[in-house]
Amino acid sequence: MIFNKRKQKEHSIDMTRIPTHIAFIMDGNGRWAKQRKMPRTYGHHEGTKTIRRLALEANQLGVKAMTVYAFSTENFKRDTKEIEYIFKLPKEFFHLYLKELIDNNVQIRYIGHLEMSPQETQSIIKDAVFQTSKNTGLILTFAFIYGGRDEIVETTKCICEKYKNGEISLDDITEDYFEKHLMTTDLPPVDLLIRSSGEYRLSNFLPWQLAYAEFIFDETLWPDFDEECLHRAISIYQGRERRFGGVLK
Ligand code: IPE
Ligand code: IPE
Ligand code: MG
């Protein structure tokens, strides 16, 4: 389904049926900047404001988990300057917003190969995780240097190691067991996946966790994605029938 921002109106939400886990593919920063004749990095900069806005709103709505795709393993194909700029954004983001996120009881996590980023970026992110680890509100997870296929291979290797060491038997390897060993570990399955910017693909984001998610593709470019866009997506989600392979009575 495609929705244009200009057509937006107020969207009513049933507060008793808020999705537990919402995942975002934050796309369209480059195009947003290009439209303004600005460098792509400006779009990434403005895109971080959307993360703050949506995290606070999701938290208010009672969403338990929000996972955002910040950098994919494939994004290393980009210009070094752009990559370096993106890797500096966590410093600015947490400098500006960490206190506010703490005040709102938000817990920060990350998934992905953080060790492939500069030392300073690693420390900033780990510090935000540490400072918020006891918070009980929204769990905001950054997928940073993340790739879904990589995650499945890494998980498989970890489980094979346990089998090789005699810690588990083949029968121990169930779907639940596998899921617990993914980078997302104890996060609930994703209910709603939202991709901005009118692209219709997953780009290697959470292939296991999205197995039964509802998908919404929105035309809005990420820096323009606001609370109203989130409300609209949740309202559409609430209008869907989730069958999980069964038959509705
Ligand atoms: C998403 O915006 C941010 C990242 C992938 C890091 P893009 O940079 O992909 O923006 P477009 O798709 O080129 O407009
Ligand atoms: C997906 O967006 C990755 C992130 C949002 C971090 P891309 O812009 O990299 O995806 P493709 O290349 O269009 O599939
Ligand atoms: Mg893109």
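Guide: Helices (H or I, at least four residues) and strands (E, at least two) are DSSP runs, numbered from the N terminus. The model is predicted, so that local features need pLDDT of at least 70 and side-chain atom pairs pLDDT 80 or more, while totals for chains, interfaces and linings use all residues. Residues are numbered from 1 along each chain as its sequence is written, chains are lettered from A and ligands numbered from 1 in the order written, and side-chain values use heavy atoms, without hydrogens or water.

A cavity is a set of points on a 1 Å grid over the protein atoms alone where a 1.4 Å probe fits but cannot get out; a pocket is an open set with protein on both sides within 12 Å along at least five of seven lines, and lining residues have an atom within 4 Å of a point. By this rule there is one cavity of 30 Å³ or more. The largest cavity holds about 40 Å³ of space, where a volume is that filled by probe spheres set on grid points joined across faces, edges and corners.

The lining of the largest cavity consists of His45, Thr48, Lys49, Leu89, Glu92, Phe93, Leu96 and Tyr97. By class, the lining has four nonpolar, two polar and two charged residues (nonpolar: Ala, Val, Leu, Ile, Met, Phe, Trp, Tyr, Cys and Pro; charged: Asp, Glu, Lys and Arg; polar: the others, Gly among them).

The packing of the two helices comes next. The axes of H2 and H3 come within 10 Å and cross at roughly 30 degrees (axes are lines fitted to C-alpha atoms over the stretch in contact, and angles run from 0 to 180 degrees between N-to-C directions). H2 and H3 are therefore roughly parallel to each other (under 35 degrees; over 145 is roughly antiparallel, 65 to 115 roughly perpendicular and the rest oblique). On the H2 side, the residues that meet H3 include His45, Thr48 and Lys49, which also line the largest cavity. On the H3 side, Leu89, Glu92, Phe93 and Tyr97 are among the residues that meet H2 (contact means heavy atoms within 4.5 Å), and these four likewise belong to the cavity lining. The contact of H2 with H3 divides into nine nonpolar, four polar and six charged residues.

Each of these helices has a further partner. H3 and helix H4 (residues 119-132) have axes that come within 9 Å and cross at roughly 20 degrees, which makes H3 roughly parallel to H4. Phe87, Phe94, Leu98 and Ile102 are among the H3 residues in this contact, and Ile124, Ile125 and Ala128 are among those of H4. The H3 and H4 contact has eight nonpolar, three polar and two charged residues. H2 packs with helix H7 (residues 227-238) at about 45 degrees, with the axes 10 Å apart; H2 and H7 are therefore oblique to each other. Arg53, Leu54, Glu57, Ala58 and Leu61 of H2 meet Glu227, Leu230, His231 and Ile234 of H7.

Finally, the open space: the largest pocket has a volume of about 680 Å³. Of its 33 lining residues, Met26, Tyr69, Ala70, Phe71 and Asn75 are the closest to its centre.
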